[in-house]
Amino acid sequence: MLQVKGGSFGYTPEKAILNNITFTLKEREILAVMGPNGVGKTTLLKCLMGILKWQSGHSKLDGKDSSEARIKIGYVPQAHQFSFPYSVLDMVVFGRAKYMSVFATPGKEDYRIAKEALEEVGILHLSDKSCNRLSGGQLQMVLIARALAGEPRLLILDEPESHLDFYNQLTILEIIKRLTKEKKIACVMNTHYPNHAIKVADQVLLLNDCKSVFGKPIEVLTQENVRAYFGVDSAIVRTRILGKEISTFVILNQSLSENEPGGARIEHKIVC
Amino acid sequence: MLQVKGGSFGYTPEKAILNNITFTLKEREILAVMGPNGVGKTTLLKCLMGILKWQSGHSKLDGKDSSEARIKIGYVPQAHQFSFPYSVLDMVVFGRAKYMSVFATPGKEDYRIAKEALEEVGILHLSDKSCNRLSGGQLQMVLIARALAGEPRLLILDEPESHLDFYNQLTILEIIKRLTKEKKIACVMNTHYPNHAIKVADQVLLLNDCKSVFGKPIEVLTQENVRAYFGVDSAIVRTRILGKEISTFVILNQSLSENEPGGARIEHKIVC
Amino acid sequence: MDGQKRIANKLLALFGLLIVVMILSLFLGRYSIRPDEVVRLFKGRMLLESYSDLKVAEHIIFDVRLPRVLIAALVGAGLSIVGASLQGIFQNPLVSPDILGVSSGAGFGAALGILLTSGAGLITAGLSFFFGLLSVLLTLSLVRVKEHSQTMSYILAGIIVTSVFTALTSLIKYVADTEDQLPSIIFWLMGSFANKNFDDLQLIIAPILIGILGLTALRWRLNILSLGDEEAFSLGINPKRIRIAAILFSTVITAACVMASGIIGWVGLVIPHICRQLFGVEHDTLLPTSSLLGASFMVIVDCAARNLTSAEIPIGILTALIGAPFFALIYSRMKGEV
Amino acid sequence: MDGQKRIANKLLALFGLLIVVMILSLFLGRYSIRPDEVVRLFKGRMLLESYSDLKVAEHIIFDVRLPRVLIAALVGAGLSIVGASLQGIFQNPLVSPDILGVSSGAGFGAALGILLTSGAGLITAGLSFFFGLLSVLLTLSLVRVKEHSQTMSYILAGIIVTSVFTALTSLIKYVADTEDQLPSIIFWLMGSFANKNFDDLQLIIAPILIGILGLTALRWRLNILSLGDEEAFSLGINPKRIRIAAILFSTVITAACVMASGIIGWVGLVIPHICRQLFGVEHDTLLPTSSLLGASFMVIVDCAARNLTSAEIPIGILTALIGAPFFALIYSRMKGEV
Amino acid sequence: ETAQAETAQAETVQAETEKPEATSAEIPSDEARTITDLGGNVIKLPPASAINRVVVMNPPSISMLLSILPDTKKIIGANANAFERANPEILEKMFPEWQNVETGFMIDGFVANTEEILKLEPDLVFYYGNMQKPGIENLGIPIVDMMIKGENNPEKVSVAWDNLMREIFEVEASTTLAKEWEMSNDKAQKALSTYEGEAKSAIYLLSNMGGVITVFGSGTYADTWFEKGGLVNAASDVKGQSEVSMEQMHEWDPDYIFVFKGTPASVMLANQVKGQDWSLLSAYEHEAIFDIPQTIFSWGAPCSDSPLMPLWLISKSHPDLLDEDEFSKLFKAYYERVYDIELDDEFIQSILNGREETK
Ligand SMILES: Nc1ncnc2c1ncn2[C@@H]1O[C@H](COP(=O)(O)OP(=O)(O)OP(=O)(O)O)[C@@H](O)[C@H]1O
Ligand SMILES: Nc1ncnc2c1ncn2[C@@H]1O[C@H](COP(=O)(O)OP(=O)(O)OP(=O)(O)O)[C@@H](O)[C@H]1O
Ligand SMILES: [Mg+2]
Ligand SMILES: [Mg+2]
């Protein structure tokens, strides 16, 4: 459904941030994009979304250039601030804009869908609250609801779990998983949490300046890869609690804490 | 060193967000504030900082009312956006402002300290970059460096690990821990990650609308408390890897994933 | 929606206010006509009768006061809705209808017209309208498309164009005949509804109504624009196209207003603020309420201007003197939500 | 710092430019004096000699041109630094020196002075300065302290006060004698450096210099203010106190400028933008560069106004006509960083 | 003279452009007559006897009406500026009702307020140029344009005004302004014919107020005045009315300065203007700065006293050719001829002495 082929992008001509990104995502699949800070995760999402233009290569959604298929994409950005205090419901209804003619205003149906989306993320009770009086986590939930209200084919989320408490983190991950499966959509999300990737993602894209790895979470998030891409020792621990086996990603940070903090990432940076 | 006694606050007269908060923090101690979204963690930090005024009760730093002792507090806020594109170094030097007379400009010494702070968080190479061209994680590091440049006695951080990759998460936690121990300062931070609290915090404050628990991480983050405050089943798992024992907080989310997502937090909400 | 009904009620109330204010101001003027005579005249109009004893009164009500009241209402509505729209588009509460250079362009056109024809006829009006549009097209052409911070780019381009046209206007004043052209130009630029008639009304009614309808139709989209470009884009709409459309409607309105009554400041800046306080920030409600309140406000102010003294008080003085305390009141009731 | 040395060099270059421009403009004027005579006169001044054959020339250079050039430089520097400071304080690039009502207040004071004394003497100057300060104090007193969004509150209060004083000025124009006083008021408000002398210079030199020094001293703090209040507060400084200090310095400067030369727009808005493009956004450099560039710009423009024709060209026309292309050039080279 | 010719021509032309309601109701058709005003409009007028309420919107032409109208009570509305440039004593003599005349109907001294005009119920309105027209047209009241487009010659303007007014009010008189001008021109030519040497330079100082100096350059009344007075305009490189600097005054350094309004000449002669040093100008040294006299209106603008202006200029600039005593006599005689008013010598002297500083 989503195909990216040889995509490259750089803010300045000298230095490309993204190099030759290639992957394919099928319906009902979730892709988790991972990588160190500043590697270009947000940039990748913006390219997929069409906010930034690929400098070479392309991405296609359902066979169409994704910038044309923009209406089918729901996007939840990373950082926020509003100059006008719209109510939560109004904010979510904005997600319906793309389906309406330029001169139209939202109708009953749009409000119904918006309320459904709010209910889905569990914040219907905030409907009438003003967006500039929400806590960071609440705002994040509102933005996710707004993307859902747009009934997207492809959902793009930039660190959706950030600022959420861990109940809400689980909720949002579950929602994303369920929607992806039920509504036959695909989903791309950035995350800094391997646990989350392992829990919901079907594919993981590990980004790096020159080389990126794409594959199943367990295959990609190996001890070697994590060390190469993040400079951290890690392990995936399987525990059996209350009769259920749980895989948990664990960071083995003794190496770090014994070194000078802030020192170089010794084993980091793969040779290009 | 930091004493909070009977602190209460509410944005509207009808509903108090914080009720009768009381705790004491000693030198070299780190307090992790935890709680669900919208419970008032950020609000608590702003009250400590003096941005918001306690409606009853007070907080004292080194015996002084903390709003008077503001110069001794370093604060890293939660969400950001800049209208003017200052360079990273300039931004960090702003942390020195409180030590300078109103008509002064930063001197060599100030720049040296700012660079030290940048080095400490490992982003000295970004010195000359413009702040509005940083990735979310990079910006977070800059703000932490800025707070450090102010050489605080009390460091207040609002979700310092959010937007950071897990290497940087560890780095920042290590830095916080080391500074607290070495420089005889205290630290209050919000976090959504019990693992982080367990790793660095000496004390945990679990916030709730009406009742809050204060104590050592292992004592506070019990299975019962987590269920009561967050509505999630959890356990602390101890694993032995590479000869080292590691405590990891694990969420047992089977109950959740089997229920309707977005449904009510069944066992949530303690009775007040 | 419960909220929507409440808003409909408010709109209805504002509309009622406007009608009442307009009718009342037909009764008031320096030439004394007894209320019963006014009523008789209205009846006469409807029955297509004419009373020879009230010939002058008839002329005053239908040819002097009526067009003037209608023009004041149109201009008030137009400037206010434009102010509200542009403030949203540029996410800046200091934006007034002339931000992109319309007023200065239209002012220049009028000054040029007066210089060339020594009169305020059709040519002057036409030039005024033409240069109003031209100035905004110039501004738009100065805006670099690749610009990162789009709104700043518009605003800076607007400043350039405004300053050039203002300077050109001064230049015209400077070369104009001090005997009759200069006072005409100054008088015209000062803004006034004095001596407006149905010809003037005919000139502006179409552009202003089209503009108001256009902006009202776009009102919900403006909400999205006010979130910023990237956000709007990520919601699947094209912010640039909507912005251009809104700017063009705004320009047509403002140019027509300036053409009809010179440059009347303040209203377009302040009425939207008042409405935002009274009725909320949503452009959905903000635009219609601004235009209705703006119209009533302008009719009231103009009525005062006509009635208080025999030599009309310039409209600009009264707008501020009546509006400022009103604004201060609203402002002191504000809860810091702007 | 390598960067600091580079900035010092730029400042030195700008200062050199200013000096050259000022000296050159002493040589130019409508009254023809040969360059060698100018040089002789300068020598004479230094040797405390006086040449009877050059009596008029001496008067023209030292009593007419010199004070005028100095005043133009001061006013240009003052308005530009105020614009740069206030744009930072209010985090809004549309802010100009008169945002808080100074110009309108000072304009009203001057109009009142002309009305009462039928002249532009000391009383008029005093009233102008007084009302300039008063208007800003009024604005500040209107600002609610508990306000959440502080800067908006200032700006709205400024709008109210400005509109009231503008209306009052119009009212004065309205009651003023149309033959004598009105033209004086209008000319005065239009802004001009014509016929300024050492008395005028004496009046404004202290307030403007004090204001410029004050703002320059605060320059680094303004960076922090421009991050927003909460941020500034969390950095351990008191944003309100710094803002008030900067506003007071700005007010003193602006009131003095208006008192000396009427309301000269545009410079305070545009020079900071140009400097921001050329020298970066840091107030540390922005403030001194703005004031130096503003001074040179104003001296050049005034020199043109004096020389181009035998009639004085109003300064406003030239500021825009000379400044706009310059601004457009800079703007087209911008990289969208504002 | 041109105006007269036009008028004569137009009388035969039928007024087709007139809107019907402007005529039929007010004027019985048999008594109607048409005239052409100075803007070229053909106007239907009632007979002079039926014109009893007159409104004058441009300041100087009221002086013509006063010299022509037997009954000045007919003037019921005027521009307030008409009285500001006049000498109150003369006003009192010629127009005792002047304090009671309606002036408030003018908006900004520029256009008329329609409802106020209608309240005045005038029979005739004089206005000046198309810009003053909007508020008064189509009211069923005859309106007369007093502006000759682009005409800067005060002789032509004042004569045209005089003729038009005479025609409108059907006044036959032996002393028309045209005749007065002829006499004045003769007198001036005769006086100047003996003068040899370079023409002296002068400045028409429109006003010096609040530090702003405004002069009349070329294309203004100053052209005619100075030509008739045997002077050249030092400011002829300036077009129209314009603000100039003190430095420019030094560059021109005129022999004579004639002050229209604003700061009076006495203040400049005492070098007491705030912030201006007049002492280095030649005109100051020779005490050659004069206020233009104000009688029924200032002589600096076209009015019914205009023929006196060139002679006064000569008396100031060439007292050897026409001394002040002689001019006083001419002045006195003019008033007797034209207005039938006797002015005593002391009063004439006070007018010629210039204005006092007003506070
Ligand atoms: N507008 C911009 N102009 C120039 N460079 C930019 C811009 N935005 C981001 N960058 C740079 O591009 C790189 C990638 O940024 P991006 O925001 O995509 O990182 P990221 O992977 O999302 O990081 P994080 O995990 O911290 O959010 C960073 O080095 C950043 O400094
Ligand atoms: N300015 C404000 N005015 C009114 N209510 C507010 C304001 N800011 C926050 N609130 C409300 O106060 C409550 C606490 O907000 P706060 O930001 O302290 O939560 P938090 O614990 O930091 O949440 P999160 O984990 O999502 O950051 C929330 O319910 C929020 O909606
Ligand atoms: Mg990112
Ligand atoms: Mg928070």
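Helices here are DSSP runs of H or I with at least four residues, and strands are runs of E with at least two, both numbered from the N terminus. With that in hand, welcome to this structure, which is a predicted model. One residue to start from is C:Leu28, found in the loop that links helix 1 (2-27) to helix 2 of chain C. The briefing below moves from the chains as a group to single sheets, helix pairs and loop residues.

**How the chains meet**

- Six pairs of chains are in contact, and among these chains A and B share the most contacts.
- Chain B and chain C have no contact joining them, and their closest C-alpha atoms are 10 Å apart.
- Chain A and chain E are likewise not joined by any contact. Between these two chains, the closest C-alpha atoms lie 41 Å apart.

**Chain A: overview and a sheet**

- Nine helices and 12 strands are found in chain A.
- Of the 272 residues in chain A, 63% are buried.
- Taking the contacts in chain A between residues at least 6 apart in sequence, 62% of them join residues at least 24 apart.
- Chain A holds an open sheet of four strands with antiparallel pairing, and the strand order is 2-1-4-5.
- The edges of this sheet are strand 2 (18-25) and strand 5 (64-65) of chain A. Each of these has a single partner strand, so one side of each has no neighbour in the sheet.

- Three bridges connect strand 3 (residues 54-56) of chain E with strand 4 of chain E, paired in the parallel sense.
- Within chain E, E:Val54 is placed opposite E:Ile75 of strand 4.

**Two helix pairs to compare**

- A packed pair of helices is described by two values, the angle between the axes and the distance between them.
- In chain D, helix 3 (residues 55-89) packs with helix 8 (residues 198-225) at an angle of about 25°, and their axes are 9 Å apart. Angles under 35 degrees count as roughly parallel, so helix 3 of chain D is roughly parallel to helix 8 of chain D.
- The crossing of these two chain D helices is left-handed. Their contact involves 21 nonpolar residues, four polar ones and two charged ones.
- In chain C, helix 2 (residues 35-46) and helix 3 (residues 55-89) cross at roughly 75°, with axes that come within 10 Å. Helix 2 and helix 3 of chain C are therefore roughly perpendicular to each other.
- From helix 2 of chain C, the contact is made by C:Val38, C:Leu41, C:Phe42 and C:Arg45. Helix 3 of chain C contributes C:Ala57, C:Glu58, C:Ile61 and C:Phe62.
- By type, the residues of this chain C contact are six nonpolar, no polar and two charged.

- C:Leu28 counts as partly exposed, with 42% relative accessibility.
- Setting aside residues up to four places away in sequence, C:Leu28 touches C:Arg65, C:Cys303, C:Arg306 and C:Asn307.
- C:Leu28 and C:Val38 are 10 residues apart along the chain, and their C-alpha atoms are separated by 10.0 Å.
- C:Asn195 sits in the loop between helix 7 (181-190) and helix 8 (198-225) of chain C.
- Buried means under 20% relative accessible area, so C:Asn195, with 13%, is buried.
- Although C:Asn195 and C:Arg65 are 130 residues apart along the chain, 9.2 Å separates their C-alpha atoms.
- Beyond its neighbours within four places in sequence, C:Asn195 contacts C:Arg68 and C:Asp200, together with E:Val111, E:Ala112, E:Thr114, E:Pro134 and E:Gly135.

Conventions
Residues numbered from 1 in each chain as written. Chains lettered and ligands numbered in written order. Predicted model: local features only at pLDDT ≥ 70, side-chain atom pairs only at ≥ 80, totals over all residues. Heavy atoms only, no water. Axes fitted to C-alpha atoms, helices over the stretch in contact; angles between N-to-C directions. Parallel < 35°, antiparallel > 145°, perpendicular 65-115°, else oblique. Left-handed = near helix turned anticlockwise from the far one by under 90°. Nonpolar A, V, L, I, M, F, W, Y, C, P; charged D, E, K, R; others polar. Pairing = 2+ DSSP bridges. Buried < 20%, exposed > 50% of the residue type's maximum accessible area, 1.4 Å probe, protein only. Contact = heavy atoms within 4.5 Å.
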